[in-house]
Amino acid sequence: MITRNMDIFRKVVYRNLTFSRIKCLRNSARNFSCSSLMQYKWEPDDLVTEPEIPEYPGVLIKMKGYDFRVLESYAKFVFRTASMLDPEVGRWALPPQKMEMQTLKPNSTTVVETCHLNIYERVVELQNLPSPKLPPLLDMICSHIPEGVNVSVKEATNEDYEARYVPDHTRQKLQSALEELPTRGKS
């Protein structure tokens, strides 16, 4: 008898389970004991139990250095470490910046020595990274920075994406020549 009543009660509960119908269920379940009603958890249907974790839409980790081998090895380490956190990870190299340094004689303007340096740059991009995962990643990266490498972390912008591409000077010359053609025909 009790198992039959519980089966009927379960059918009623599964059929009518919404937050607004609790009173109706209580009225229809007058024959049941209070302990059997307390076994079920009454919650609204639209209740979200997991919190929303915000994500960073785009984070760039930029690394600069003079030694190509050290920088490339460190960029590889950063890429592997970031890949373990399961965001969308990408990496790319920017063209080297050439710099000339001159050593001068004391109290004069005569050049003693000239050095040509290349500044290499590597970028690791993280897309849709959950916010709790960024601080441990940065701690890991900062604790392993080799000597001579500068690291900066910033939000991705359109200028950063455009800096990836090397300009085609021949194409730019042809475009400027095409722009000048109609002006010559009008005068």
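I began with Asn128, which sits in strand 3. Helices (H or I, at least four residues) and strands (E, at least two) are DSSP runs here, numbered from the N terminus. The model is predicted: local features need pLDDT of at least 70, side-chain atom pairs count only at pLDDT 80 or more, and totals for chains, interfaces and linings use all residues. Residue numbers start from 1 along each chain as its sequence is written, and side-chain values use heavy atoms, with hydrogens and water left out.

**Positive phi**

For Asn128 I noted a phi near 55°, a positive value in a residue other than glycine. Asn128 counts as partly exposed because its relative accessibility is 34%; buried means under 20% relative accessible area, exposed over 50%, and partly exposed in between (1.4 Å probe, protein chains only). I then turned to Asn107, where phi is also positive, about 60°, although Asn107 is not a glycine. Asn107 belongs to the loop between strand 2 and strand 3. With 86% relative accessibility, Asn107 counts as exposed.

**The chain as a whole**

I counted up the elements next: the protein chain has 7 helices and 4 strands. Along the sequence they run α-α-α-β-α-β-β-α-β-α-α. The protein chain has 187 residues, and 22% of them are buried. I also looked at contacts, meaning heavy atoms within 4.5 Å. Of the contacts in the protein chain with a separation of 6 or more, 73% are between residues 24 or more positions apart. The chain exposes about 14,500 Å², and 54% of that comes from carbon and sulfur atoms; accessible areas come from the Shrake-Rupley method with a 1.4 Å probe, and for residues only the protein chains shown count as cover.

**Helix 5**

Which residues of helix 5 are buried? In this helix (residues 134–143) I found Leu134, Leu137 and Ile141 buried. They lie on the same side of helix 5 because they cover an arc of only 65° around the axis; the arc is that of the directions from the helix axis to the C-beta atoms. On the other side of helix 5, Asp139, Cys142 and Ser143 are exposed. I checked what covers the buried residues: the list includes strand 1 (55–65), helix 4 (68–83), strand 3 (111–130) and strand 4 (149–155).

**Rings, and a charge over one**

A search of the whole structure for aromatic pairs gave me 3. Rings of Phe, Tyr and Trp (its six-membered ring) pair if their centres lie within 6.5 Å; planes under 30 degrees apart count as stacked, over 60 as edge-to-face and the rest as tilted. One of the pairs is Trp92 with Tyr161: the ring centres are 6.0 Å apart and the planes are at 45°, so this pair is tilted. The pair links distant parts of the chain, with Trp92 in strand 2 (residues 88–104) and Tyr161 in helix 6 (residues 158–162), 69 residues apart. Trp92 counts as buried at 10% relative accessibility, whereas Tyr161 counts as partly exposed at 24%.

I also found Arg91 over the face of Phe79, at 4.5 Å from the ring centre. A charge sits over a ring if NZ of Lys or CZ of Arg is within 6 Å of the ring centre and within 35 degrees of the ring normal.

Lys62, in strand 1, counts as buried at 17% relative accessibility. I found its side chain in a polar contact of 3.2 Å with the side chain of Asp160. With neighbours within four places in sequence set aside, Lys62 is in contact with residues including Glu121, Val123, Asn150 and Lys154.

**Last entry: Val111**

Val111 is in strand 3 and is partly exposed, with a relative accessible area of 41%. Not counting residues up to four places away in sequence, Val111 touches Gln102, Thr103 and Leu104.

Terms used. Polar contact = N/O pair within 3.5 Å; in protein donor to acceptor, adjacent residues only side chain to side chain.
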